[in-house]
Amino acid sequence: MKYFALLLLASLCSALARKLPSSFTICKLNDPKLNECYSRATERALKILREPIPELSLPSIEPLKIDRVDVPADSNSINFRQTLLNIEVYNLTNSMVNRSQLTFGDDTYHMKSILYNPLVTIKGIAELDGKILVLQIKDKGPFEITLERSTGVFEMSGRIVDKGGKRYLTVERTACKLKPDNAIIKFENLFEGNRELGEIVNAALNEHWREILDELGSAYEEALAAMLKGYGQRIVNKVPFENLFAQ
């Protein structure tokens with residue numbers, strides 16, 4: 001009975017194993033230009049994800065939707081807590097992959113890509129509570145952040161495990177960094193809709209955008225990495241390692 005159960009489990013895992021849709025690029029592990037192939041494959045995958053992929057239960061990432069990000073108040077001049085809701089990140093699918101590096105061990109892997117994006121737009125609802133310059137603020141309203149000419153780094157790593165006679169990747173860690181050349185920040189409905197005060201605050205935010213992103217950007221990056229980790233897990237949980245990379 002024990003061996004019958006094991007055989008049944010192995011058969012079930014084999015039946016549930018998926019292949020990537022034919023529109024995806026499959027790289028060969030023994031390709032001497034594997035890193036270059038992976039860069040092209042990643043760039044193509046981003047374009048494909050402009051539309052949902054039902055067979056992998058993947059929604060579109062245009063826009064990428066994030067429910068909530070909490071940003072603590074930890075700056076001297078601009079000291080306010082942010083709760084960002086119903087966030088939508090636009091234009092990630094326009095990213096270009098400049099280079100990649102893949103490393104495989106016996107049962108581990110690490111993937112790293114350097115990307116460039118000319119324009120990323122982040123929209124949502126912001127709840128602000130704290131101090132901007134000498135002004136106390138406690139408001140809620142729409143916000144928009146535009147990141148121009150961004151260089152990004154995305155990393156994913158984990159283990160290679162056996163399930164039902166097939167090898168699968170697990171996603172244990174993801175990390176994301178975005179460094180724009182310029183940022184445009186706009187919060188609306190500040191000070192109960194006082195246009196003059198709102199323009200003063202937005203001007204101050206844009207004057208010091210680099211310091212703001214340096215101090216508060218990690219919260220945004222962690223949320224983005226967590227969302228991309230979820231996408232990665234949905235793929236590698238269903239598609240065996242040999243169907244991701246030709247042997």
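Which strands and helix each supply at least two residues of the lining of the second largest cavity? In this predicted model, the suppliers are strand S3 (78-90), strand S9 (182-187) and H4. The close-ups below start with that spot and then move on to the other cavity and the cysteines.

**Figure 1. The second largest cavity holds about 50 Å³ of space.** Here's who lines it: Phe80, Gln82, Ile145, Ile185, Phe187, Leu205, Ile212, Leu213 and Tyr220. H4 gives the largest share of this lining, with three residues. Sorted by class, the lining comes out as eight nonpolar residues and one polar, with no charged ones.

**Figure 2. The largest cavity takes up about 880 Å³.** The model has two cavities of 30 Å³ or more, and this view goes to the largest, which is lined by 37 residues. Closest to its centre are Tyr38, Thr42, Ala45, Leu46 and Phe154.

**Figure 3. Go through the lining by class and you get 26 nonpolar residues, nine polar and two charged. Cys27 and Cys37 are joined by a disulfide.** The sulfur atoms of this pair sit 2.1 Å apart, and the count for the model comes to one disulfide. The link is left-handed, with -95° about the S-S bond. Cys27 lies in strand S1 (residues 27-28) and Cys37 in helix H2 (residues 34-48), so the bond ties together parts that are 10 residues apart in sequence.

**Figure 4. Three cysteines, Cys27, Cys37 and Cys176, and how much of each can be reached.** Cys27 has a relative accessibility of 2%, so it counts as buried. Cys37 comes in at 7% and counts as buried. Cys176, at 10% relative accessibility, counts as buried too.

Conventions:
Residues are numbered from 1 along each chain as its sequence is written. This is a predicted model: local features need pLDDT of at least 70, side-chain atom pairs count only at pLDDT 80 or more; totals for chains, interfaces and linings use all residues. Side-chain values use heavy atoms; hydrogens and water are left out. A disulfide is a pair of cysteine sulfur atoms within 2.5 Å. Helices (H or I, at least four residues) and strands (E, at least two) are DSSP runs, numbered from the N terminus. Buried means under 20% relative accessible area, exposed over 50%, partly exposed in between (1.4 Å probe, protein chains only). On a 1 Å grid over the protein atoms alone, a cavity is a set of points where a 1.4 Å probe fits but cannot get out, and a pocket is an open set with protein on both sides within 12 Å along at least five of seven lines; lining residues have an atom within 4 Å of a point. Grid points are joined across faces, edges and corners, and a volume is the space filled by probe spheres set on the points. Ala, Val, Leu, Ile, Met, Phe, Trp, Tyr, Cys and Pro count as nonpolar, Asp, Glu, Lys and Arg as charged, and the others, Gly among them, as polar.
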